[in-house]
Every structure is written in C-alpha cells, then in structure tokens.
Amino acid sequence: MMPSGGGHSNPSRLLSPGQKMAAPRVAVALAPTRAISPPPPSPYLIAEAPSALDRGGGMRPQRSGLAAACPSVSVVFPGPVSRESCCRFACELLKHVLHQRHQLPLPYEQLAYFCRRAMQDGDLIKKPPSVDPASKKCQQVLMELEGVLQHLEVMFSLTLVPRVLILLGGNVMSPKELYELNLEGIYEGCAEESLKTASCVRKLFHALFVADVFSELKALPVVGTVVMLQGHRDCGVDWFRPKLNYKVPTRGRKLTVNLSCDGAINVSSSPPQDVTSTWEDYVWFQAPVTLKGFRE
C-alpha cells in the first residue's frame, strides 16, 4: 500500500529503508573564493546524441506538450542506481524546472558562478544580460535554493524517497503547475554495483529534451515554488514538515517523470518481499520554505 497521495506503487522494486547510502554532494557555496573555476556544464546542455547507456534498456518518450492531459516521460535504466543518483535526479530536475519555467534568469550553476564572481570582484566583471548577479535578490534566491538542495540530500540519506513533487504557483492543494518525479520503479544498489550517476542524469535529460515538454508553454510570471516528497514517517528528518493527510492535486498542468530499472539486476539490489508492509508508514513531507523566483 502506497502512502497517501495516490499513484500506483511497486514497492517490491525498492530496498528496505535501513540500507545506508552515501549522501550526494550537491551544494554550491556562495562565499567568495580566491580561485573560481568556470561553471560546470549543466547536464541538460550535453549534446543530445544518445550514449551507450541511452541505447540500452531505455524507453524513448513520446513527444508531448505539458498542456496535454497528464503527459509523462518514462526513462528505464539498464541496471540498478544508487541513492546518490536518486537524489541527483530530484535536485537537477528542480533546478531545470525553475529555469525552464522562467523563475531563474539563468541555469542554476551559471547564476551561482556569476554571483560568486560578483561577490569577489564587485562591479569589475561584465554582467550577463537581464540579470544583476550581485543583487541582494539574486543572492537570497540562491541561498534559499541551496538550502533546499542540501536538505534534499539529507532526506535521501535518511529514507527511501519514492516520489517528489515540484509545485509552481497557487498553493500546495491547487498549484498552477505540478512536476512529479516517480522513483517507485527504481532498483537501488550500492555504489559499486550501480550505474554511474552522471550517465543516468544525462539519460534523464536527453529524454526530457526528446519529449520537448516545455517549448509550447506560455511563460509563467514570478511565482512561489514548493517542494514535497514522500519518506518514512520515522525517518528522523527535522527540517521537512510532515503532511499526513496530503493528497496530490488533480488540477493544474502536470508532468510526471517515471524512472525505473531493467536489464541485469543483481540479487543484492532486490528488496525483501515483506517491504510492502512498510508502505503505510510513508507520508508526504513539505519543505518549510517557498522558493520565490526573480527577474531583473
């Protein structure tokens, strides 16, 4: 039985919550440093030619706009993935949605890079068009987003996270747009036997580009963004707030990204059959901050 919020569960494909996984590092410090390297390329800016991972075991999504009724993008990984990879999927999707839906004037990594440069060099650097990276508003948005990313990292290290919601505009009960990351079909393995995180992230964003889910949407005004996710009620997290009776909204534009694993799965990556009895203890948690986009 899945936790409240609807959706079809496949709990036999997840590991027990007791397995320890190394927490990923997604933090980007905003403090100035002496030597600052150029921003790393975003995973969704990689060339779209499919790699060997893309050609093996993957499902190419059908091209569809978000305005269609409940569109979805499905990605099948040809092997188990680590808890670190699952966290990266959630963090990268959040950053991507914020930029694509015009809540950030630049991709997150570039915005953080220019902000650090501005803090170090003041007004000596050339600012990118339409954004003042030294502004207090820009720094505030980056700090809040950085905090959410860090707490997502903590949450994934404490519990299985079968689903993540990114809610734009409106409120948590009736958002303007809803993006769901469904991880129920993931086989979680240890780092040594799992697929490489970078390859999986590239495969995910290649699928999003092929599906072309953002091109036909009208630009959103600056709105609030809330992150929600499912986890074990006794996972011990103290930042996210439990929402025991939360139901996933049925109104507003929705895109579901379904991730699963196929191919050769090691026995050690498969969960015990009695894990199904624990799903009633999984509830929704809400981030206590609302990410407010900005334009300058």
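How many of the 18 residues of α2 are buried? I count 15 of 18, so I noted α2 as mostly covered; buried here means under 20% relative accessible area, with exposed over 50% and partly exposed in between (1.4 Å probe, protein chains only).

**Ground rules.** I am working from a predicted model, where local features need pLDDT of at least 70, side-chain atom pairs count only at pLDDT 80 or more, and totals for chains, interfaces and linings use all residues. Residues are numbered from 1 along each chain as its sequence is written, and side-chain values use heavy atoms, with hydrogens and water left out.

**Helix α2.** I took helices as DSSP runs (H or I, at least four residues), numbered from the N terminus. The expected span is 1.5 Å times one less than the number of residues. For α2 that gives 26 Å, and I found its end C-alpha atoms 26 Å apart, in agreement. H102, which follows α2, has a positive phi near 65 degrees.

**R101.** I placed R101 in the loop between α2 (83–100) and α3 (108–121). R101 is buried, at a relative accessible area of 1%. A polar atom of its side chain lies 2.8 Å from the backbone oxygen of K218. Beyond four places in sequence, I listed the contacts of R101 (heavy atoms within 4.5 Å): L168, E177, Y179, F214, L217, K218, A219 and L220.

**Helix α5.** Of the 15 residues of α5, 11 are buried, among them C200, F205 and H206. Just after α5, D212 takes a positive phi of about 55 degrees.

Definitions and conventions. Helix = DSSP H or I, 4+ residues; strand = E, 2+ residues; numbered from the N terminus. Polar contact = N/O pair within 3.5 Å; in protein donor to acceptor, adjacent residues only side chain to side chain.
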